[in-house]
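Please look through the sequence and the 3D structure shown here before reading on.

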Amino acid sequence: MTVTHSHRPRGNDPQVFGRVAVLMGGSSSEREVSLDSGRNVLDALRARGVDAHPVDGIPALLDALVHGQFDRVFNILHGNKGGGEDGVLQGLLQGFEVPYTGSGVLGSALTMDKIRTKQVWLSAGLPTPRYRRLQAGADLRAAALALGLPVFVKPSSEGSSVGVARVETLDDIDAAIAVARGYGGEMLMEQMVIGDELTVGILGAQALPSIRIVPKGGWYDYNAKYIAEDTQYLCPGLDAAEEIAIGQLAVDAFLAAGCSGWGRVDVMRDRSSGKLLLLEVNTAPGMTSHSLVPKAARQLGISFEDLCWMILEQTL
């Protein structure tokens, strides 16, 4: 399930897109990453002659749509609560009948909620680490002991490793609770899988080569994702047989969650058993200098400009 070299932009006339809003920034916890992604996408589309314009956040886009200023939207907002990955933006754009990149309402809303995504995957027979759903007032110590240390504690509806805390001993619990609760809502306590961290970009309904992530600090936190220069990215991340398996699993997970267009599926490979376990889906992945979908596309000879064009072509 990999994209072949025959997958290239279908057309080369930028006028077919009309006037394009590159939606970035917003008011979510991932605002700064989105601004960085958006600037890169904007430059790439303009370099190909697309009439692309930056728009910061949903209220500004709404005002522009009311006045009929755009023909389609390249959504590179990240996160929820003012980000563009929770289904709210998608519903708005469908109401205005304006085409947009990425997943629709269902896929966006579902995958922003890590707990409910896991429930869908498990119902479809897809593998994911064991977890506990933690509501306000839950006994986190009891949950950690029941699940078995080590675990991660994270908000159910944030991305980019925002609010994620590791719990390796019970002494870590209080600090983890404080970090995650700062973001409100339900929390997810998830079995910590010891092994390889991998990610698979999705373009259309096909998998790009996997990337194995080797952070120098031991785990792939916000700093390793967006700031550190010493994180290693190995692409493809697995050998031939396992590469086929992880690509198929990623596509199955993406489609089971109602996603479409493009995205990224994060996966762990358990070191002792070799089993692949699904973590989450990103429906508007980063497009920064550190981002992984562009790295995987480049492995197939797809430039950043071509990648942005191909994503935008999905709106036609």
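## Basis and overall make-up

A contact, as the word is used here, means heavy atoms within 4.5 Å. Among contacts in the protein between residues at least 6 apart in sequence, 69% join residues that are at least 24 apart. The model is predicted, and for that reason local features need a pLDDT of at least 70 and side-chain atom pairs count only at pLDDT 80 or more, while totals for chains, interfaces and linings use all residues. Residues are numbered from 1 along each chain as its sequence is written, and side-chain values use heavy atoms, with hydrogens and water left out.

The secondary structure comes to 11 helices and 13 strands, where helices (H or I, at least four residues) and strands (E, at least two) are DSSP runs numbered from the N terminus. Of the 316 residues of the protein, 55% count as buried; buried means under 20% relative accessible area, exposed means over 50%, and partly exposed lies in between, with a 1.4 Å probe and protein chains only. The protein exposes about 12900 Å², of which carbon and sulfur atoms supply 51%; such areas come from the Shrake-Rupley method with a 1.4 Å probe, and for residues only the protein chains shown count as cover.

## The nonpolar interior

A nonpolar core is a set of buried Ala, Val, Leu, Ile, Met, Phe, Trp, Tyr and Cys residues joined through side-chain atoms within 4.5 Å. The largest one has 32 residues, and those with the most contacts inside it are Val22, Leu45 and Phe74. At least two residues of this core are supplied by each of strand E1 (19-24), helix H1 (31-47), strand E10 (211-214), helix H10 (292-299) and helix H11 (304-313), and the largest share, 6 residues, comes from H11. Leaving aside residues up to four places away in sequence, Phe74 touches several others, including Val22, Leu45, Cys308 and Ile311. Apart from this core lies another, of 21 residues, among them Leu198, Leu238, Val251 and Leu276.

How are the rings of Phe17 and Trp309 arranged? Rings of Phe, Tyr and Trp (its six-membered ring) pair if their centres lie within 6.5 Å, and planes under 30 degrees apart count as stacked, over 60 as edge-to-face and the rest as tilted. By this rule the count comes to 1 aromatic pair. The centres of the Phe17 and Trp309 rings are 5.0 Å apart and the planes stand at 80°, so the pair is edge-to-face. Phe17 lies in the segment before E1 and Trp309 in helix H11, 292 residues apart, so that the pair links distant parts of the chain. Phe17 counts as buried at 1% relative accessibility, and Trp309 counts as buried at 1% as well.

## Salt bridges

A salt bridge is a side-chain nitrogen of Lys or Arg within 4 Å of a carboxyl oxygen of Asp or Glu, and by this rule the count comes to 12. Arg269 forms one with Glu242, the closest N and O atoms being 2.7 Å apart. Because Arg269 lies in strand E12 (residues 262-270) and Glu242 in helix H9, this pair ties together parts that are 27 residues apart in sequence. Arg269 is buried, with a relative accessible area of 15%, whereas Glu242, at 26%, counts as partly exposed.

Salt bridges that share partners join Asp113, Arg116, Arg133 and Glu186 into one network.

Most residues other than glycine have a negative phi, and most peptide bonds are trans.

Glu97, a residue other than glycine, has a positive phi near 55°. Glu97 is found in the loop between helix H3 (88-96) and H4, and it is exposed, with a relative accessible area of 73%.
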